Amino acid sequence: MASSPNHHNGSASKKPKLTFITPDEIAAEFSHHDPAVARINNGSFGSCPDSVLQSQRRWQLQYLSQPDDFYFNHLKSGILRSRSIIQRLINADHVDEVSLVDNATTAAAIVLQQAAWGFSESKFEKGDAVVMLHYAYGAVKKSIEAYVTRAGGHVIEVPLPFPLNSNEEIVSEFKKALEKGKANGRRVRLAVIDHITSMPCVVIPVRELVRICREEGVDQVFVDAAHSIGCTEVDMKEIGADYYTSNLHKWFFCPPSIAFLYCRKSPKSNVELHHPVVSHEYGNGLAIESAWIGTRDYSPQLVVPAVLDFVERFEGGIEGIRKRNHDAVVEMGQMLAKAWGTHLGCPPEMCASMVMIGLPVRLGISSEKDTLKLRTHLREKFGVEVPIYFRPPKNGEVEVVTGYCRISHQVYNKVDDYYKFRDAINQLVSDGFTCALHT
């Protein structure tokens, strides 16, 4: 019988190392990145170091060399090992509260499918509500439409301003939305709350919003935290949500694609969750169902021990990485805002490892189409990869910033990546570039 690649005891605590990974070693781990591109968009697709890719390849070859032995003797134990590591990292009570799925979109489908059954099976009243933030990720909004609206649920969006100045603005609007959801004797069956919104990116005060949901009698709370693990503090006991999901391929260095879905166990919980892809393990619990959804490549779910080994090469492990990324991205964001005469999209304490910065008004960003046009131009002419956000002007606003960029910082980034972006925007402004003139 073959042994499992990179066997790891699953412990998240090891003796501190006297030496840590060097800049040259970091560069070698990410040498597969295109050197011609300033890659300041880790938030979209993440990044995976070479040592983890090698581990993934060993798992893939082990499967291909003897699939039956792999399936019967290694797959389940390997996934359990990964789940156990995640359980400790997120401070969950039980490993059976943690399931591994493809991505946060899959996790959202699992939770929203269950909510839809509540409406279609008449457990909920037609017109009972699901509350979500206006900033909710586009795919999650579509999932809510596909599952909840179609089943008869009433969806309420929490309008949020941007730029933001404080958490109080978020809390105030959230309370108003819950009041609206409870009007006329209705109930809020589910609140969908982002931990870090995608575009525009803001760290949401999830602990406070979950607490408010409990006080207001919301049935269940689902935190869509696609960016969170490795990017901000994640503690299931402190957050207190019923469901919580985060990708591990964005900020935790796993290859695509893998996410965890936490489902809190409680004496009052009798909710039955199922993976939307039904296979032989149906009815054996979500974690077991998710661990086998048919023949496919499970290697992203098996390399978590190798990822843990990688992050432990850094001072402070994943928490040290997270804190240094935050400090660096804020510093770079402030540098860009100063260079362009603009501002950050929110205070530094509301940022994680990503930050929004206003772009010069003279670029003439006036639509979503313009943002894609500018992003493509930056990629093709300047070798800069960065997402752009359009913020429509409010009534009466003139000469206001309508375009924002979202920059990320990960361990492979260098100051020159951000200088390259700064200089590209300055050149466009100097050349008189506007989105209206560029075709």
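Trainee: Does phenylalanine 162 count as buried or exposed?

Mentor: Relative accessible area decides: under 20% is buried, over 50% exposed, and in between partly exposed (1.4 Å probe, protein chains only). Phenylalanine 162 has 5% relative accessibility, so it counts as buried. Tyrosine 404 is buried too, with a relative accessible area of 1%. This is a predicted model, in which local features need pLDDT of at least 70 and side-chain atom pairs count only at pLDDT 80 or more, while totals for chains, interfaces and linings use all residues. Residues are numbered from 1 along each chain as its sequence is written, and side-chain values use heavy atoms, without hydrogens and water.

Trainee: How many aromatic pairs does the structure hold?

Mentor: Rings of Phe, Tyr and Trp (its six-membered ring) pair if their centres lie within 6.5 Å; planes under 30 degrees apart are stacked, over 60 edge-to-face, and the rest tilted. The structure holds 15 such pairs. One of them joins tyrosine 71 and phenylalanine 72, edge-to-face at 4.9 Å centre to centre with 80 degrees between the planes. Tyrosine 71 is partly exposed at 28% relative accessibility, whereas phenylalanine 72 is exposed at 63%.

Trainee: Why is the pair of phenylalanine 162 and tyrosine 404 classed as it is?

Mentor: The ring centres of phenylalanine 162 and tyrosine 404 are 4.9 Å apart and their planes stand at 75 degrees, so the pair is edge-to-face. Phenylalanine 162 belongs to the loop between β4 (154–158) and α7 (167–181), and tyrosine 404 to strand β12, so the pair ties together parts 242 residues apart in sequence. Helices (H or I, at least four residues) and strands (E, at least two) are DSSP runs numbered from the N terminus.

Trainee: What is the strand order of the open sheet?

Mentor: Two strands pair if DSSP finds at least two bridges between them. The open sheet of three strands runs β9-β12-β11, with antiparallel pairing. Its edge strands, each pairing on one side only, are β9 (354–358) and β11 (388–390). From one strand to the next the twist averages 30 degrees. Five antiparallel bridges link β9 with β12 (residues 403–408), and isoleucine 357 stands opposite cysteine 405 in β12.

Trainee: Which helix packs on the sheet?

Mentor: Contact means heavy atoms within 4.5 Å; axes are lines fitted to C-alpha atoms, for helices over the stretch in contact, and angles run from 0 to 180 degrees between N-to-C directions. Helix α13 (residues 317–340) packs there, touching β9 and β12, and its direction makes about 5 degrees with that of β9.
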